[in-house]
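The following briefing concerns selected features of the structure shown below. Please read it alongside the sequence and the coordinates.

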Amino acid sequence: MALLVVKDLHVSYASPKGELRAVHGVSFDMQEQETLGIVGESGCGKSTLGLALLNLLPPQGKVTQGKILLDGEDILSMQGEKLRQVRGKMVAMIFQDPMTSLNPVKKIGDHFAEAIRAHDPEVTKEEALEKAGTILNQLGISSDRLNDYPHQLSGGMKQRIMIGLGVALDPRLLIADEPTTSLDVVIEAQILDLLRQLKDSLKLSMILITHSLGVVAEVADRIAIMYGGEIFELADVRTIFKNPLFPYTQLLLKLVPNVASKSTSLEWIPGSPPDLSSPIPGCKFAARCPYVFDRCKVDPPTLREVRPAHLVACHLYDEGAK
Amino acid sequence: MSLKSYIITRALLTIPMILLLATIVFLIVRVLPGDPALLHFGKTVNPAALAEVRHALGLDLPVYTQYFNYLTGLFQGNLGIAFSNEQPVAPQILSAFPATLELTICSMAVAVLVGVVLGVRSSRKYGSKEDTVIRTFGVVIYSIPVFFSGLILIAVFAIGLHWLPAGGRISTVPPLGGSILGFHIQTGLYTVDSLVAGNLPQFVDVLRHLILPSVALGLYISAVFIRITRSNMLETLGQEYVTAARARGLKERTVLYNYGLRNGLLPVLTIMGLEFAGLLAGAILTETTFAWNGLGTYIVTAITDRDYIAIQGAVVFFGILVAVVSLVVDILYAYLDPRIRY
């Protein structure tokens, strides 16, 4: 059985301009110990998707349609104590900005003790701290740091602490929402390396949300390309990089700067992401697509398997297109 | 820097603060038009007698000598001799102070309790009808002056319903240092004194007298706390560490208290320190309304009598009080927020 099944998920935010459809009909599933990379530009709904997976949307956000099944159980219908036990224990999440993800008035050790004891009240604080010390050592941080406050640590160290907190309860699934975006490249490489190690040693399944294809290339098994709240292409890493089908994916891959090239300017995709507060009749990427044709503007494409294990939502690959 | 050295540094900083305050008060009294010595005379002034009074008050000395004498006196706890009753000011202030302190503490308790409870409630129900009602309540009570709300409270609960006394601190006033019904004045805080004496009926009587003035003053100040608590809680509960805490599956209570309140109430503590000064000012009006024999009443009398020395003494005393309270607040803040210490 798949570890995680997301079926036709729709998430909307209430905004002054009306309903903002952040996630629009997203479906995918994940196997045990798989790492799925979700790639897309800012505002494409990838972080919203991550929060929805923990049923942790902000008050303005609402799942309007769809199902999220974790081990066959619907997370969206869970409430109160049951939901609390899933969060952290079954599915853990680490966030984009390690600087603001830790409680400034609590010591690092207290963060661990709190989390461990919230799920197993029989563990004493001393035992929890001991476990936390072991985890920190595995992450390359001295266990003395348990007595430090968050402001005494560097950004990279804080992100490692966040990862440590994420894996402290041996979750089945770890959702990492842009875990390296606010870090410099050296630290980014260290953190990605750490995630890869943990994935293997703890047999974790992982969802890595990022805007960088370079990041997912290093860690993920499969990649989902998101645009305007929808998944447009889903395939394994090799296929996405070798043989991308969706025009947006092709353009994204061209954007990765090449040091060897003689070009002095950076590539970009003309246009801007769609305004999600007003309905778009056809394909969301049509306005920026170099291969756009009439059907794209009226008929939204659906995600389907055009080649074995390679899903694309694009009319270019329809039978008898053009 | 450790907490200990922070406290020492912060405490030492209070000394120049108080010195500056004392200097300003000294200068203001000297700069004000009119000769304080003239207050000792009626319509006709005998120049020889005036010179004599000026000499007795030390007003004929050069200003810097006066200033030096004033400061030396201050450090010895000597605030001068009041014009009106020719008694030393310091003991008068000290005997009036417990009444004001008792009122201030109770009002602060009412203000913080009402303000924080309603503020948290308002932030939890952000955007709802309840939120609007609480915010409106805050604006309305803040726009009613204390002497007016005090009079209304007296009219309703004392005169109309006869539930509570209309004024005063106690039904039968015990003499200073003496005792009535086994009630002995030691601290001047009647609640403490009656409890120490084990005199429960007297304690209840004192509490009943405290309710109306504390509510009048406390509700007024609580408006500030409602606002501050609400906006800070909203900000804190929107922080990523709160979302991250929920994502770790912490109990909602833990998230609300250890993450929300613990961070959201830090600024409220600062406001508490600042509002303490506001409470002292408010106490002047409240004490007059409720015939409360404290520092407020003392100052009002001193102003009516144009008793410069008494006013100067009371202002310096208030200033020292506010400085000490802000010292305590800062130390508490450093204890609660580890980031301050570095």
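A309(A) adopts a positive phi near 60° in the hairpin of β11(A) and β12(A), where two residues lie between the strands. The model is predicted: local features need pLDDT of at least 70, side-chain atom pairs count only at pLDDT 80 or more, and totals for chains, interfaces and linings use all residues. Residues are numbered from 1 along each chain as its sequence is written, and chains are lettered from A and ligands numbered from 1 in the order in which they are written.

**Hairpin in chain A**
- Strands β11 (residues 304-307) and β12 (residues 310-312) of chain A run antiparallel and are joined by three bridges (strands pair if DSSP finds at least two bridges between them).
- E305(A) has L311(A) as its bridge partner in β12(A).
- Strands are DSSP runs of E with at least two residues, and helices are runs of H or I with at least four, numbered from the N terminus.

**Helix packing in chain B**
- The axes of α5 (residues 129-142) and α8 (residues 200-237) of chain B come within 8 Å and cross at roughly 140° (axes are lines fitted to C-alpha atoms over the stretch in contact, and angles run from 0 to 180 degrees between N-to-C directions).

**Interface**
- On chain B, 21 residues are in contact with 25 residues of chain A (contact requires C-beta atoms, placed from the backbone, within 7 Å).
- α9(B) gives the most to this side of chain B, with seven residues.

Notes. Two residues are in contact if their C-beta atoms, placed from the backbone, lie within 7 Å.
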